Amino acid sequence: NISLSYCYDILRYLKVFFDWLSKQAGYKSKINQTAIDYLNLSKAANTLFLILIVVLYQSLFSGLLTIHRISLDLPLLILVYVGLTRGPASGAIFGFLVGFLLDLYNPSFLGLGAFIKTCLGYLVGSFKENLYLESNLSKGAVIFFSLLLNDLTYYFFSSGLSLSYVFFVFLNYSLLSGLYTALVGLIFLWFLQIRKAKEITT
């Protein structure tokens, strides 16, 4: 068995090595510091925990939170949260992992979801430092439009480029699902804001 301390040492040595490599001539522009920071056991454990939530939700609870065929896209909601809080590199990595896991539920299009969510995670993460995203309402808008972009792209390619099918799914499911997911996201962000305010006051 591999001990936790052994994993910690390996990650620490890798982090030191890539940190050194990123300062060498010819590598400064090729190695992202955010990706290096990802070699942290607490961040890795946190990422695994979020992925576990996605798997449990898709396997056990997604049907319970579906209202008249309008589903809560919790995996995408978590992806947007990771992108906005950790940046493009972390968003892309998490997007790939989540997308690949979700693709396993529909192996006919294995890789499509992983590719779309990787790009989406990077795109959302690039807004991390955007001043216009300080309010929760703007973050809710990002959640809404991210879901629409994800669904439009996925169903466009999985349907064999059928625009009629894409518009059908978009009008009957994606719009309402986007609003549902964005609303849950706003409640979650509001809860985090209250919790943070209490921590500051105490």
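**Close-up views of a predicted model**

**View 1. Phe96 and Phe100 in helix H5.** In this predicted model, Phe96 has a relative accessible area of 43% and is therefore partly exposed. Among the aromatic pairs, which come to eight by the count, is the one formed by Phe96 and Phe100, whose ring centres are 6.2 Å apart and whose planes meet at 20°, so that the pair is stacked.

**View 2. The rings of Phe168 and Tyr173.** With planes at 70° and centres 6.3 Å apart, these two rings make an edge-to-face pair. Phe168 is partly exposed, its relative accessible area being 44%, and Tyr173 is also partly exposed, at 28%.

**View 3. An aromatic cluster.** Phe109, Tyr154, Tyr155 and Tyr165 together form one aromatic cluster.

**View 4. Asn136 and its contacts.** Asn136, found in helix H7 (residues 136-158), counts as buried because its relative accessibility is 17%, which is under the 20% limit. Apart from neighbours within four places in sequence, Asn136 is in contact with Leu186, Leu189, Trp190 and Gln193. Ile187 is 51 residues from Asn136 in sequence, while their C-alpha atoms are 9.4 Å apart in space.

**View 5. A nonpolar surface patch.** Phe49, Leu52, Leu56, Leu60, Phe61, Leu64 and Leu65 form this patch, which has about 710 Å² of accessible area in total. One of these residues, Leu60, lies in helix H3 (residues 41-61) and counts as exposed at 55% relative accessibility.

Notes:
Residues numbered from 1 in each chain as written. Predicted model: local features only at pLDDT ≥ 70, side-chain atom pairs only at ≥ 80, totals over all residues. Heavy atoms only, no water. Patch = residues over 30% accessible without salt bridge, like charges linked within 9 Å, V, L, I, M, F, W, Y side chains within 5 Å. Areas by Shrake-Rupley, 256 points an atom, 1.4 Å probe, with all protein chains shown as cover. Salt bridge = Lys/Arg side-chain N within 4 Å of Asp/Glu carboxyl O. Helix = DSSP H or I, 4+ residues; strand = E, 2+ residues; numbered from the N terminus. Buried < 20%, exposed > 50% of the residue type's maximum accessible area, 1.4 Å probe, protein only. Contact = heavy atoms within 4.5 Å. Phe/Tyr/Trp six-rings, centres within 6.5 Å; stacked < 30°, edge-to-face > 60°.
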